[in-house]
Amino acid sequence: MAGDSETCKAMKATSNGVFQGDNPLDYALPLAILQICLVVTLTRILAVILRPLRQPRVIAEIVGGILLGPSALGRNKVYMNAIFPARSQTVLDTLANLGLLFFLFLVGLELDPKSLRRTGKKALSIALGGISLPFALGIGTSFALRASISKGVNGPAFLIFMGVAFSITAFPVLARILAELKLLTTDVGRMAMSAAAVNDVAAWILLALAIALSGTGRSPLVSLWVLLCGCAFVLICTFMVPPIFRWIQKRCPEGEPVDELYVCATLSIVLLAGFVTDAIGIHALFGAFIIGVLVPKEGAFVGALVEKVEDLVSGLFLPLYFVSSGLKTDIATIHGLQSWGFLVLVIVTACFGKIIGTVVVSILCKVPVREALALGFLMNTKGLVELIVLNIGKDRKVLNDQTFAIMVLMAVFTTFITTPLVMAVYKPEKRTINALYQHKTVKRKDPDVQFRIMACFYASRNIPSMINLIEASRGTEKKGGLCVYALHLMELSERPSAILMVHKARKNGIPFWNKGKNSDTEQVVVAFEAFRQLSRVSIRPMTAISQMHDIHEDIIGSAERKRASIIILPFHKHQRLDGSLETTRTEFRWVNKKVLESAPCSVGILVDRGLGGNTHVSASNVSSVMTVLFFGGNDDQEALAYGARMAEHPGISLSIIRFLPSPDISGEIETQDESHVSEDESFLAEVKQKFATIDSFTYVEREVRNTAETVAVVHEFNKCHMFLVGRTPGGRAAAALNMKCDCSELGPVGSMLIAPDFSTSASVLVVQQYTGHNRVVSVSGSITKVAEMPKEDIESG
């Protein structure tokens with residue numbers, strides 16, 4: 001009776017509190033809360049520790065689960081009985097599997113059946129090669145295991161489970177490794193993603209077969225019924241599910257909030273599908289995955305659904321599944337020379353089969369050896385699906401404790417080595433510096449050479465002003481014309497939905513628009529496509545998908561490959577309705593600073609105050625006043641060169657304000673290098689001569705003694721639409737200034753123009769000229785020189 005009352009007490013959801021004599025850890029809800037908090041904290045700490053090694057978060061979660069289980073902390077029985085007692089296992093497994101159910105629905109959303117049908121023969125062949133050999137070796141290894149440490153298990157099911165475990169490639173984990181290594185948009189990355197998607201689907205089919213065969217003590221006809229019912233379920237869903245979700249999507253227009261009823265209906269359908277497949281005898285996870293695959297990927301509804309579900313599922317509940325696996329993993333069961341020998345055998349065989357199978361087929365498909373090796377290592381990535389296979393095998397008594405522990409360690413090891421091995425054999429950034437890349441600045445001797453701009457933006461609100469700036473930069477119809485690379489900067493997060501963005505990525509330089517309707521990207525594409533058709537500017541939209549801490553590498557690399565003369569970046573603050581500037585995201589500021597430090601060409605930072613309004617201004621309606629504040633120096637010359645190009649546009653008026661030091665202070669300031677002074681004078685004379693007969697051109701010289709007088713002069717001309725200034729002004733007038741520089745990336749003059757006490761509605765473009773000092777490659781005239789530097793620096797461009 002005492003035992004029964006103990007069980008009843010343990011099954012209660014909530015306690016009466018410690019003051020009434022109850023221990024919260026004896027009740028399901030408070031214990032589950034503590035377990036979740038412990039799991040999330042430990043896995044996040046491990047993820048931070050492993051980040052310098054460029055390991056995906058799944059490694060941290062698997063290792064965290066093992067550490068919390070009997071392999072490490074669980075050796076302390078007091079801890080184990082208090083935090084993870086046996087009586088809490090059912091609640092923990094239920095929560096973990098419920099989270100996993102919805103997570104696999106999200107994984108299904110990542111896989112687009114249409115893209116699978118478009119998979120080329122090469123990727124399909126590589127996928128089959130990467131499945132067949134490891135599957136065969138897995139079956140071969142299973143015979144050795146059954147003869148020793150896995151005696152008495154269900155033979156056919158064990159063979160297939162081992163084959164599936166050896167041949168799996170983790171699609172979501174692979175995508176994040178590719179993003180981390182900047183390989184998403186390379187040939188290797190696209191090939192790996194296509195092959196992994198095929199591999200994923202094949203693995204699920206084989207796993208369904210393995211589960212159907214894993215029933216114990218039943219007639220073989222039962223397995224046949226399970227398979228037939230499973231096929232019938234998939235067929236029924238194929239015909240019924242897509243029309244339902246198309247109907248829902250029609251009632252969820254772009255830009256409108258999604259009705260809660262549709263979200264609840266979708267989640268209910270996922271749960272119902274899970275119930276049906278569990279009742280059939282496959283697994284509840286299959287139903288959720290099938291629904292995710294069949295949901296049409298176009299439209300606003302999918303994005304809204306993912307946004308509502310993914311953070312709770314992947315952030316809180318999914319780590320519980322890894323702990324649930326960790327509690328079943330006891331490395332201590334691997335003891336003796338024979339067991340450790342089998343661990344080595346399993347790891348070597350799994351890696352050999354996956355890598356060699358992929359490499360051989362890749363070479364037969366005429367893939368270069370280095371790329372084939374990289375593909376082999378990438379396809380060897382394991383992850384969550386591997387753990388699902390192993391856990392189902394453990395629950396079905398197909399895998400015993402020792403075999404389960406060996407297979408979990410194999411999954412961790414193969415995923416851990418993927419990134420280092422790929423980095424060792426494949427470095428796509430190895431490229432020779434393009435000697436033809438000479439025009440790295442706006443200021444140039446030959447005005448007829450094509451002017452190339454790399455215009456970067458994060459969101460749709462950056463687009464109208466960016467397009468109006470491009471229109472103003474068009475100038476006259478020169479021989480070379482204007483070419484703009486519109487680089488959409490997209491952050492790749494740990495969220496599952498980040499992989500949906502990957503499907504939209506194409507190789508840099510190729511337009512990223514596709515046939516999908518109502519996608520977020522389409523708004524961007526339509527804006528640039530409309531501008532391209534209305535003007536004679538060559539617009540080439542591109543996408544960069546990276547984590548925010550290294551997205552500057554994509555900007556710099558893209559500018560170098562496309563031989564841009566200037567990179568235009570949005571300022572990290574945007575204008576509010578009251579006219580003040582507020583920070584959008586602090587990370588954007590660090591991106592701008594890193595680009596300024598290492599850019600291969602000139603850089604402009606655009607402080608947008610609604611240049612031309614919130615819509616694109618057509619060429620015939622452009623009527624803007626641009627003001628260049630000129631003190632002297634390289635950056636100011638670059639700003640003036642940009643302004644001069646704008647002045648060629650018939651709708652642009654240009655004003656140049658030249659600041660000179662007052663005679664009574666010029667003696668107090670150190671004399672500037674005369675070569676710079678003469679260069680300023682000659683360039684100003686050239687611009688004035690060019691626009692001497694044009695009414696829309698104004699040149700004014702003002703003498704100033706201090707900051708106050710400089711600010712007063714600028715105030716006289718603050719009714720313009722845009723100020724163009726150099727980031728680091730030179731000359732004696734600038735040396736006399738004592739301006740507070742709040743934003744180092746804007747320089748003293750730029751900081752003054754965006755200060756709250758400086759009243760203006762003009763946008764600001766702060767320009768930094770490329771001089772070669774901040775890069776290893778320096779340009780002298782038309783000859784590109786490469787200075788002495790370490791080999792790895794040359795390889796990284």
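The following legends describe several close-up views of a predicted model.

Residues are numbered from 1 along each chain as its sequence is written.

**Figure 1. Overview of the protein, with 30 helices and 14 strands.** Helices (H or I, at least four residues) and strands (E, at least two) are DSSP runs numbered from the N terminus. Of the 797 residues, 54% count as buried; buried means under 20% relative accessible area, exposed means over 50%, and partly exposed lies in between (1.4 Å probe, protein chains only). Among contacts (heavy atoms within 4.5 Å) between residues at least 6 apart in sequence, 80% join residues at least 24 apart.

**Figure 2. Packing of helix α8 (residues 155-167) against helix α17 (residues 384-395).** The two helix axes come within 9 Å and cross at roughly 165°. Axes are lines fitted to C-alpha atoms, for helices over the stretch in contact, and angles run from 0 to 180 degrees between N-to-C directions. Helices α8 and α17 are therefore roughly antiparallel to each other, a class that takes angles over 145 degrees, whereas those under 35 count as roughly parallel, 65 to 115 as roughly perpendicular and the rest as oblique. From α8, Phe161, Val164 and Ala165 meet Glu386, Val389, Leu390, Ile392 and Gly393 of α17. The residues of this contact divide into six nonpolar, one polar and one charged. In this grouping, Ala, Val, Leu, Ile, Met, Phe, Trp, Tyr, Cys and Pro count as nonpolar, Asp, Glu, Lys and Arg as charged, and the others, Gly among them, as polar.

Figure 3. Asn199 is buried, its relative accessible area being 1%. When neighbours within four places in sequence are left aside, the contacts of Asn199 are Ala127, Gly130, Ile131, Ser167, Ile168, Thr169, Lys354 and Met379.

**Figure 4. Helix α13 (residues 284-294) in its enclosed setting.** Eleven of the eleven residues of α13 are buried, so this helix is largely enclosed by the rest of the structure. Among the buried residues are Leu285, Phe286, Phe289, Ile290, Ile291, Val293 and Leu294, together with the glycines Gly287 and Gly292.

**Figure 5. Leu271 in helix α12 (residues 260-280).** Leu271 is partly exposed, with 37% relative accessible area. Apart from neighbours within four places in sequence, Leu271 is in contact with Leu98, Leu101 and Phe102. The C-alpha atoms of Leu271 and Leu285 are separated by 9.4 Å, and these two residues stand 14 residues apart along the chain.

**Figure 6. Ala304 in helix α14 (residues 300-328).** A relative accessibility of 18% places Ala304 in the buried class. Ala304 and Cys252 lie 52 residues apart in sequence, and the C-alpha to C-alpha separation in space is 9.6 Å.

**Figure 7. Ser655 in strand β9 (residues 652-661).** Ser655 counts as buried, at 12% relative accessibility. Residues up to four places away in sequence not being counted, Ser655 touches Val625, Met626, Thr627, Val628 and Thr698.

Figure 8. At 26% relative accessibility, Arg54 is partly exposed. Lys366 is exposed, with a relative accessible area of 74%.

**Figure 9. Cysteines in a structure with zero disulfides.** A disulfide is taken as a pair of cysteine sulfur atoms within 2.5 Å, and a search of the whole structure finds zero. For Cys229, the closest cysteine sulfur is that of Cys231, and the separation of 9.3 Å is too far for a bond. Cys229 is partly exposed, with a relative accessible area of 34%. Cys264 is also partly exposed, with a relative accessible area of 40%.

How values were computed. Predicted model: local features only at pLDDT ≥ 70, side-chain atom pairs only at ≥ 80, totals over all residues. Heavy atoms only, no water.
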